[in-house]
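Please look over the sequence and the structure shown here, and then read the briefing that follows.

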Amino acid sequence: MKIAYDAKRFFHNTSGLGNYSRDLVRILSQYFPENKYLLLNKNKSERGADILQLPGVRFVETSKGQMSRQFKMGKDAQQAGADIFHGLSGELPLKWDKRSIRKAVTIHDLIFVRYPQYYSFFDRKIHFWKFKKAAESADKIIAISEQTKRDIIQFLKIPGPKVEVIYQGCHQAFKEKQSEEFTQNTKQKFNIPEKFILNVGTIEARKNLLNVVKALKDTGIPLVVVGKKTKYFKKVERFVQQNKIEVRFLEGVSMDELAVLYKLAEIFIYPSLFEGFGIPVIEALFSRTVVITSNTSCLPEAGGPDSVYIDPQNYLDIRAKIKFLWENKAEAKRRADKGYHFVQKFNDEAIAEQLIRFYQDLIR
């Protein structure tokens with residue numbers, strides 16, 4: 001098979017959609033090197049350069065010009081002889097020629113429909129139009145969770161059989177053991193407390209960090225936060241300063257450094273109001289760290305039966321669950337070990353096999 005990808009996010013996104021794109025191509029090349037994986041974009045970057053060295057992976061420079069991604073990339077894929085075009089971020093080209101090609105699209109979430117207050121009117125309209133158009137023109141759709149599949153059916157009015165759930169995995173760094181020297185250097189670099197709980201993700205209202213710091217008031221439990229700051233950060237920072245809560249806010253953390261932080265943490269907490277999947281939960285489980293996360297959206301799918309679930313709107317519930325695990329180390333370890341067993345379903349090989357079956361079904 002020859003599969004073409006819209007590689008804009010692959011080359012130019014540092015997290016989220018970029019990680020999904022790079023991991024998908026990496027694991028397919030690793031487990032099914034006999035296929036051709038074409039990365040289509042106007043240009044490439046250093047990001048993902050290692051993956052371009054893998055078997056079957058090749059960069060294809062696409063047509064230049066305004067809106068070329070929408071109007072020319074599909075025809076470029078057909079010109080390259082691709083059997084399948086896969087849009088990795090909820091979009092597909094709008095124009096094609098008469099040559100045969102099957103079309104797939106991955107839709108990660110429809111949060112802009114469920115939580116419109118976090119998006120401008122213009123962004124909501126554009127996102128909805130692009131996702132609806134892609135979902136209708138695709139031969140098959142990948143949803144990254146059962147929650148996202150339900151949303152595609154409900155909001156985009158797509159028949160259920162057209163949508164297949166294929167979960168995401170996570171970066172290899174979280175499955176590896178970093179050296180003791182690197183671990184110690186990371187602790188010193190970021191001045192990490194001896195014991196702490198960890199939160200990872202953009203500091204924005206939907207991720208709900210304010211309720212975590214409210215929960216930690218008067219507990220003496222240190223918190224380490226890794227994530228990009230938005231305007232919402234000021235609200236969190238104000239509460240932290242007024243109540244003298246011990247919090248380290250970190251940015252510019254490498255993947256290996258982040259993997260160390262997950263492994264060092266006593267507890268990983270992820271109280272998001274809504275997610276398409278929740279990769280940080282998977283990263284924590286692979287790191288053998290117990291997880292506290294929300295009982296909403298897809299997060300129980302990612303966390304499994306042995307993570308601890310909270311009402312994200314109730315900071316007293318969050319406080320009680322944090323203190324329970326903080327004070328019961330044996331129970332935290334038991335749940336972390338069970339979580340590590342559960343998370344093996346998100347391993348690279350299992351996901352690669354699902355993807356190949358999806359492609360094979362597509363061209364039958």
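**Briefing: a sheet, a helix and a loop residue**

The bridge partner of Lys-2 in strand 2 is Lys-36, where strands (E, at least two residues) and helices (H or I, at least four) are DSSP runs numbered from the N terminus. This is a predicted model, in which local features need pLDDT of at least 70 and side-chain atom pairs count only at pLDDT 80 or more, while totals for chains, interfaces and linings use all residues. Residues are numbered from 1 along each chain as its sequence is written, and side-chain values use heavy atoms, with hydrogens and water left out.

**The sheet**
- Strand 1 (residues 2-6) pairs with strand 2 (residues 36-41) in the parallel sense over five bridges, pairing being defined as at least two bridges found by DSSP between two strands.
- Seven strands form an open sheet in the order 3-2-1-4-5-6-7, with parallel pairing.
- Its edge strands are strand 3 (57-61) and strand 7, each of which pairs on one side only.

**Helix 8**
- Thr-183, Thr-186, Lys-187 and Phe-190 are the buried residues of helix 8 (residues 180-190), where buried means under 20% relative accessible area, exposed over 50% and partly exposed in between (1.4 Å probe, protein chains only).
- The face turned away from the buried side of helix 8 carries the exposed residues Glu-181, Gln-188 and Lys-189.
- Just after helix 8, Asn-191 takes a positive phi of about 55°.

**Gln-168**
- Gln-168 lies in the loop between strand 7 (163-165) and helix 8, and Gln-168 is buried, with a relative accessible area of 9%.
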